[in-house]
Amino acid sequence: MHFHVIPLRERGKPRDKKELQQAKPVAGDLRIEYQHTSEMGRPGRVAFVCTGAPDDGPLGLLFDAEVHSMAPNGFVVTGVELIDGVAYGQSWLCRER
């Protein structure tokens, strides 16, 4: 489904309110799939955003993804992202496009 997605954390630390208000959302097709990934070495739920651009997947992969909370105007997906081999907690705010 097509959504605007904003990452709520930077290397595991929450972004402040001003950063979030100024953040440009990534628009694309949000997908959550169960798949085997070499990064985690086991199967699990993976979230990613497809934009259709040459550099598809601008947010990377969100491992062990789950819907954390949902409201009428959007929802939050949480999981783990890998940056330079280090795992960080991440949450994505997803709103209708």
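The side chains of aspartate 29 and arginine 31 meet in a salt bridge, with a nitrogen-to-oxygen distance of 2.7 Å; a salt bridge is a side-chain nitrogen of Lys or Arg within 4 Å of a carboxyl oxygen of Asp or Glu. The structure shown is a predicted model, in which local features need pLDDT of at least 70 and side-chain atom pairs count only at pLDDT 80 or more, while totals for chains, interfaces and linings use all residues. Residues are numbered from 1 along each chain as its sequence is written, and side-chain values use heavy atoms, with hydrogens and water left out.

Aspartate 29 belongs to strand S4; strands (E, at least two residues) are DSSP runs, numbered from the N terminus. Aspartate 29 counts as buried because its relative accessible area is 14%, where buried means under 20%, exposed over 50% and partly exposed in between, computed with a 1.4 Å probe and protein chains only. Apart from neighbours within four places in sequence, aspartate 29 is in contact with Met1, His2, Phe48, Val49 and Cys50, contact meaning heavy atoms within 4.5 Å.

The count of salt bridges comes to four. Another of them joins the side chains of arginine 42 and aspartate 64 at 2.8 Å, N to O. This pair links distant parts of the chain, since arginine 42 is in strand S5 and aspartate 64 in strand S6, 22 residues apart. Arginine 42 is partly exposed, at 34% relative accessibility, and aspartate 64 is likewise partly exposed, at 29%.

A further salt bridge connects glutamate 66 with arginine 45, at 3.8 Å from N to O. Glutamate 66 lies in strand S6 and arginine 45 in strand S5, so this pair ties together parts that are 21 residues apart in sequence. Glutamate 66 counts as partly exposed because its relative accessibility is 42%; arginine 45 is partly exposed at 40%. The side chain of arginine 45 also reaches the backbone oxygen of alanine 65 at 2.7 Å. Beyond its neighbours within four places in sequence, arginine 45 is in contact with Ile32, Glu33, Tyr34, Leu62, Phe63, Asp64, Ala65 and Glu66.

The largest nonpolar core has 13 residues, of which Val5, Leu30, Val49, Val77, Trp92 and Cys94 touch the most other members. Such a core is a set of buried Ala, Val, Leu, Ile, Met, Phe, Trp, Tyr and Cys residues joined through side-chain atoms within 4.5 Å. The elements that give two or more residues to this core are strands S1 (2-7), S4 (26-37), S5 (42-50), S6 (62-71), S7 (74-83) and S8 (86-96).

Valine 5, in strand S1, counts as buried because its relative accessibility is 0%. Not counting residues up to four places away in sequence, valine 5 touches Pro25, Val26, Val49, Leu59, Trp92, Leu93 and Cys94. With the same exclusion of residues up to four places away, valine 77 touches Ile32, Ala47, Leu62, Ala65, Glu66, Val67, His68, Gln90, Ser91, Trp92 and Cys94.

Glutamine 90 lies in strand S8 and is buried at 3% relative accessibility. Its side chain makes a polar contact of 3.1 Å with the side chain of glutamate 81, and a polar atom of that glutamine side chain lies 3.4 Å from the backbone nitrogen of leucine 8.

On the surface, Ile32, Val67 and Met70 form a nonpolar patch with about 290 Å² of accessible area together. Nonpolar patches are made of residues with over 30% relative accessible area and no salt bridge, their side chains (Val, Leu, Ile, Met, Phe, Trp, Tyr) being joined within 5 Å; the areas come from the Shrake-Rupley method with a 1.4 Å probe, and only the protein chains shown count as cover for residues. Methionine 70 is placed in strand S6 and counts as exposed because its relative accessibility is 65%. From C-alpha to C-alpha, methionine 70 and arginine 45 are 18 Å apart in space, and they are 25 residues apart in sequence.

Technical notes. Helix = DSSP H or I, 4+ residues; strand = E, 2+ residues; numbered from the N terminus. Patch = residues over 30% accessible without salt bridge, like charges linked within 9 Å, V, L, I, M, F, W, Y side chains within 5 Å. Polar contact = N/O pair within 3.5 Å; in protein donor to acceptor, adjacent residues only side chain to side chain.
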